[in-house]
Amino acid sequence: MAAADARALKRRIEAAIRRYAQASSSRAYSLVPNSLTSGKLYEAHVLSLVLERLYQDENFRIVLMNSTFVPLKSSPGPINPAYPHFDLIRRSSKIAELWTDIEFLTLSYDRSGGLATPTPGDYHELDIVVVDPGSTGRPPHRSIWLGVECKNTGYNKDLLRSILGVRRELSLLQDDRPTHFSKWPRQMVPADPPSCLIVYSTDSAVLSYTAPGGVFGIDFFHEPI
Amino acid sequence: MPLHDEDYRDLLQSMRQAIRTAGLGSLDERILSEVRNTEGPFYDLTLYLKLLIAEMSLGSDVQLQAVLRRTREFAMTESGHPIDGFRVQLSPEESRMYNTDSFDLAPPPGIQEIVVEFHSVLEELSKDRKNDTNGNR
C-alpha cells in the first residue's frame, strides 16, 4: 500500500471543511413559513425528550421503523402500519408503539356503541402517542398509553379547556390506578383506562394552569426550546 | 514516506485553523470540550476527526443539532444507521401552497458526502498507521 501523503490529506481536509461551511449555511426548509417549521421543530424537540425518558426510565430499546426519517405531519390522521413509527422493545419483544400526529377514537364514541362511521366529533388528535402494539386506523381511547401535546405558542385558558376535553375523551375519572409505565411519566393516574396525558409548552404561563391537571391526571411542563 | 507524529500534529493544527477560518470556531470549541485526555498525536488527530464527523453529521442549525443528537442517542433505525432527521408531511392545502409534499428538518443536502470524505481520510490515516506499526513498508 502506498504511504499516506500528508500534503494531499491536508488539501482534502481543507477542501471538505470549505464545502461543509458552504453547505451548512443553506437551510433546506426555507420554502415554508417559519411558523410551520418552528412548530414542527418544537414537536421534534419534545419527541426527543419523550424518547429519552422512555429509554432511560422505562428501559425501552427504541427503533424507528420503515424509514430513516422521523415522521411529523402538519395534519393528523389514522395509523397506517406501513408508515414510519417507533417500536418500543423490551427483552426482544415489542411492547408498544409510538406514533406522531394521530387521531384516536373517543370514549364517547365507544359509549355510544362505536358502530357508526365516526364523525369529526368522534376523534381527536394528539401530537405524540404511545399505543398498544399492532394498532391500526384511529386507535380507540383504551389503546392509548400516553398522549402528548406540544404547544409552541402562548398558553391560555382555551388550550387548558381543550386538554381537559381530551382527558375526558380518553378516560373516566377514577381512584388512582397503575399506568402502563413503571416510572415515567407516572406510575399511577386517576383515570380509567389509565392513560397518561402530558402538555409541553414553550410558554411559562402553562404553569398557571396545572391545578385541574392534579385532579384529572394531566402533567404540564414548561419546556422552552 | 509514512506519516509520523509531526505530520499528525501538523494535520490537526491545519484542520483546526481551517475550521476557524471558515467561521466555524464554535464547532472547534464543541469538539475540544469533548476531549478529556491525550494519548499522543495520532490519537489526538483521529479523535478530533471522529468528533468532527459526529458534529458535522448533525448539520449546523443549533436547535436542530440538539434535537437530532438526543433523538439519535435514544433511538435507532432498523438497520442501525443513525436517524437522518425529521420529515414533515404537509396537508394537501399546504402542499399546493408551497409546491412541495414535505420538507425535512435535517442536515442540509451535501453534508453526507462531506462526512463520507472525512471517514475516508480517517480510514487512510488508520491504514497508514497500521502498516507503519507492522513494518510493512
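**View 1. B:Glu123 sits in helix 6 (residues 111-134) of chain B.** Helices (H or I, at least four residues) and strands (E, at least two) are DSSP runs, numbered from the N terminus. The model is predicted: local features need pLDDT of at least 70, side-chain atom pairs count only at pLDDT 80 or more, and totals for chains, interfaces and linings use all residues. Residues are numbered from 1 along each chain as its sequence is written, with chains lettered from A and ligands numbered from 1 in the order in which they are written. B:Glu123 is exposed because 10 other C-beta atoms lie within 10 Å (exposed: 12 or fewer within 10 Å, C-beta atoms placed from the backbone). B:Thr46 is 77 residues away in sequence, yet the C-alpha atoms of B:Glu123 and B:Thr46 are 9.5 Å apart.

**View 2. Chain B meets chain A through 57 residues, against 45 of chain A.** Contact means C-beta atoms, placed from the backbone, within 7 Å. Helix 6 of chain B gives the largest share of the chain B side, ten residues.

**View 3. Strand 2 (residues 69-73) of chain A pairs with strand 2 of chain B.** The sense is parallel, over five bridges (pairing: at least two DSSP bridges). A:Leu72 has B:Val88 as its bridge partner.

**View 4. Helix 1 of chain B crosses helix 2 (residues 25-34) of chain B at roughly 135°.** Their axes come within 7 Å. Axes are lines fitted to C-alpha atoms, for helices over the stretch in contact, and angles run from 0 to 180 degrees between N-to-C directions. The two helices are therefore oblique to each other (angles under 35 degrees count as roughly parallel, over 145 as roughly antiparallel, 65 to 115 as roughly perpendicular, the rest as oblique). B:Arg16, B:Ile19 and B:Arg20 of helix 1 meet B:Gly25, B:Leu27 and B:Asp28 of helix 2.

Conventions
Buried ≥ 20, exposed ≤ 12 C-beta atoms within 10 Å, placed from the backbone. Contact = placed C-beta atoms within 7 Å.
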